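Biologist: Please take a close look at one helix and its surroundings in this model. Keep it brisk, and give the cut-offs as you go.

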Amino acid sequence: NEELRPNTFSIWDCATLFGFDCMILNADRWGHHKKANLLIDDDGFILIDHELSFHFIDREDDGAYNLILKNLEDNTWPSAYTKHLFYNRLKQYKGSKKNLFDTFKEYLDKLDVNKIKNLIIELKSFDISTGENERLIQYLYTVKQNSHKFCTILLSLIA
């Protein structure tokens, strides 16, 4: 996007957003839809998202979910990341990449999955559909428990 000049975000911000989007399997900030779904103000950016993340939640079977877990196990990730808003910037970054995902890892390690679980219960109490939330919760636990491995995968994507 022409509005996102190289100095708008630090490389650390780009890496954190890239890591988050890879984790949630966000299809919005990828190039296919040609919209970043990002609001920018003087303090940084605000993420906008809707129903194009966690594509495995509403499937009738566990095939898509199991494929994501297999990717994690095999140290790979679905290829949509190559169209991410910040992929080229991260890929072409000439500095040391070793610690680019440290902030993302710290956030992931501190993620309170039980709070998300409780929020789902609250949403259900208002008759708001949450899809196959057991898959979501298990996925978040799995990624959190494997945060180091997931960040290693992220590094390999931009190597």
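Modeller: Buried means under 20% relative accessible area, exposed over 50%, and partly exposed in between (1.4 Å probe, protein chains only). This is a predicted model, so local features need pLDDT of at least 70 and side-chain atom pairs pLDDT 80 or more, while totals for chains, interfaces and linings use all residues. Residues are numbered from 1 along each chain as its sequence is written, and side-chain values use heavy atoms, with hydrogens and water left out.

Start with the whole chain. Read from the N terminus, its elements follow the order α-β-β-α-α-α-α-α-α. The chain has 159 residues, and 37% of them count as buried. Take the contacts (heavy atoms within 4.5 Å) between residues at least 6 apart in sequence: 75% of these join residues at least 24 apart.

Now the part itself, helix H1. H1 covers residues 11-24, and H4 covers residues 102-110. Their axes (lines fitted to C-alpha atoms over the stretch in contact, angles from 0 to 180 degrees between N-to-C directions) come within 8 Å and cross at roughly 45°. From H1, the contact uses Thr16, Gly19, Phe20 and Met23. H4 supplies Thr103, Phe104, Tyr107 and Leu108. By class, the residues of this contact are five nonpolar, three polar and no charged (Ala, Val, Leu, Ile, Met, Phe, Trp, Tyr, Cys and Pro are nonpolar; Asp, Glu, Lys and Arg charged; the others, Gly among them, polar).

Zoom in on Gly19. Gly19 sits in helix H1. Its relative accessible area is 0%, so Gly19 is buried. Leaving out residues up to four places away in sequence, Gly19 touches Phe101, Phe104, Phe150 and Leu154. Take Phe150: 131 residues separate it from Gly19 in sequence. In space the pair is 8.9 Å apart, C-alpha to C-alpha.

Next, the cysteines. Cys14 has 0% relative accessibility, so Cys14 is buried. Cys151 is buried as well, because its relative accessibility is 7%. The disulfide count (a pair of cysteine sulfur atoms within 2.5 Å) is zero.

Leu25 lies in the loop between H1 and strand E1, residues 38-41. Leu25 is not a glycine, yet its phi is positive, about 55°. With a relative accessible area of 10%, Leu25 counts as buried.

For comparison, look at a loop elsewhere. Asn75 is in the loop between H2 and helix H3, residues 87-92. Asn75 also has a positive phi, near 60°, in a residue other than glycine. Its relative accessibility is 43%, so Asn75 counts as partly exposed. Asn71 belongs to helix H2, residues 63-73. Asn71 has a relative accessible area of 14%, so it is buried. Beyond residues up to four places away in sequence, Asn71 touches Thr76, Trp77, Pro78 and Ile153.

Note on methods. Helix = DSSP H or I, 4+ residues; strand = E, 2+ residues; numbered from the N terminus.
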